[in-house]
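I'm going through helices first, then rings.

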Amino acid sequence: MTAGRPAPREPGEQGQTLVVIGARGDLTARLLLPGLGGLVAASGLTDLLLVGSDRGQWSDEEWRALVARAFADGDASGPAVDTVVRNARYVAADATDDDGLHRLLACRKGRLTLYFPLPPAVTVEACRALARTGLPPGTRLVLEKPFGTDAAGATALNELLHRLVPEDHVHRVDHFLGMSTVLNLLGVRFANRVFEPLLTAEHVEAVDIVFDETLGLEGRAGFYDVTGALRDMIQSHLLQVLALVAMLPPSTLDQLDVRDAKAQVLRATRVWDDRPGRFSRRARYTAGTVDGRALPSYADEAGIDPARGTETLAEVVFAVDTWRWAGVPFRVRSGKAIGAPRQEVTYWFKAPQHVPRGLLGEAVGNRLRIGLGPRRLQLEININGPGDPSTVSPVTLDTSFGTGDLLEYGEVLRGVLEDEQPLSVRDDMSVESWRIVEPVLDAWREARVPLDEYRAGSAGPRGWEDLVARRNGEGTAPV
Ligand SMILES: O=P(O)(O)OC[C@H]1O[C@@H](O)[C@H](O)[C@@H](O)[C@@H]1O
């Protein structure tokens, strides 16, 4: 998506420094560095100083060994990769403390990018400390979700960030926006005359955005138990996907055009009928087996407070109040520890308005399914099968997407290092996403929606076989 052009520089700048604050955290080794390794290998980026920083004492050698392992995990090799590993440095520092920050800032060469793969409260503390110490001109800040914990928190965080750097130097990372299939939504929708004119309320009955996973808690109790599926997945990644699924065709792929089009969708999005008590569901898993792995009940996982009632599966129906989508339910769901999980966007087309009398068989409404994993596109249509030519039955046209050259984090980091922002979440969107889900969080806090249960490895709670359907604002029958 990005053009591969060199990032603009401040006068006199040479090279760039990427400081990963929280370098010894899980996300750094598992996702960030493998993605960065692929990017370094693909772009031949040798003038990058990669600085790891964390509270604990560590040597440069220990950091370099971690970087080398993670780059190898991302299948990255070659001279540029070796150079970046060889030059990498580690600085022991507490990023919420002025002395630590001074030590960190002193090691930079060229343009500075500070990456915070940290919990929101620590990121805020670090930004407050940066506001005291000051930042070299041209510094870029990179944040991981969640961006605040509610709309007021996101607004306050944005104000704090804007005291440090202008908005166009802030990258709010959402790695779903680096997924090749998510990026493919743009190609599928806007490069095909046969799809885009039909993706409107006139022809589409409902849109589903589902991202269920086999993964359970995976040792992330500290983060997940105060977050839950609604905040972890729907408020962030899936509302970003919804914006791409529903946005008007942008004039160009420039960040301004794409982000304006997405922001317009988010501003128009609200819980269906403004009734979160009715148009949302939540559940959590009990003990079971997923992919041959035995999982304990969520409530029995180490570090969990069962009384908190955190959901591991959430479903919400949204309306997008625009001419194009008026009356079309967007059913968004994400769950953990789901057997045979679905990860896809589905446009459900209305039935044909007239099927000629005499045509036999069952003409089903067409479906366009865009797989987020596995990456494929399926179009369900009606044709006549073998035998009577006037008898129709459904068939599926099925094709795979090409994979991207880079891992998701590599794609996102390319935007960061090349100073392009179409894949990052703009300040206004970070607040809108909270505004959209807050009525659901309130309804759940007030116990207006029961917390259901489902066995780990099952498809979800009994009675949830179909997504919540919303027709004329009533009923729970499938569309
Ligand atoms: O499938 P991916 O790329 O790992 O993305 C899903 C993950 O996305 C993360 O942002 C969530 O915090 C995780 O809970 C989730 O498992």
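This is a predicted model: local features need pLDDT of at least 70, side-chain atom pairs count only at pLDDT 80 or more; totals for chains, interfaces and linings use all residues.

I started with helix 6, residues 151-164: its 14 residues reach 20 Å from first C-alpha to last, close to the 20 Å expected at 1.5 Å a residue. The expected span here is 1.5 Å times one less than the number of residues. Helices are DSSP runs of H or I with at least four residues, strands are E runs with at least two, and both are numbered from the N terminus.

Residues are numbered from 1 along each chain as its sequence is written, and side-chain values use heavy atoms, with hydrogens and water left out.

Which residues of helix 6 are buried? I found A151, A154, L157, N158, L160, L161 and L164. Buried means under 20% relative accessible area, exposed over 50%, and partly exposed in between (1.4 Å probe, protein chains only). An α-helix has 3.6 residues a turn, so residues three or four places apart point the same way. The buried residues of helix 6 pack against helix 5 (120-133), strand 5 (140-144), strand 6 (170-173) and helix 12 (427-445).

Next I looked at helix 7 (residues 180-190) and helix 9 (residues 228-246), which pack at about 10° with axes 9 Å apart. Axes are lines fitted to C-alpha atoms, for helices over the stretch in contact, and angles run from 0 to 180 degrees between N-to-C directions. Helix 7 and helix 9 are therefore roughly parallel (under 35 degrees; over 145 is roughly antiparallel, 65 to 115 roughly perpendicular, the rest oblique). On the helix 7 side V182, L185, L186 and R189 meet V241, L244, V245 and A246 of helix 9, contact being heavy atoms within 4.5 Å.

Then the rings: I get six aromatic pairs. Rings of Phe, Tyr and Trp (its six-membered ring) pair if their centres lie within 6.5 Å; planes under 30 degrees apart are stacked, over 60 edge-to-face, the rest tilted. W58 and Y90 are edge-to-face, 5.6 Å centre to centre with 70° between planes. W58 is in the loop between strand 2 (48-54) and helix 2 (60-73) and Y90 in strand 3 (residues 89-92), so this pair ties together parts 32 residues apart in sequence. Y90 counts as buried at 6% relative accessibility.
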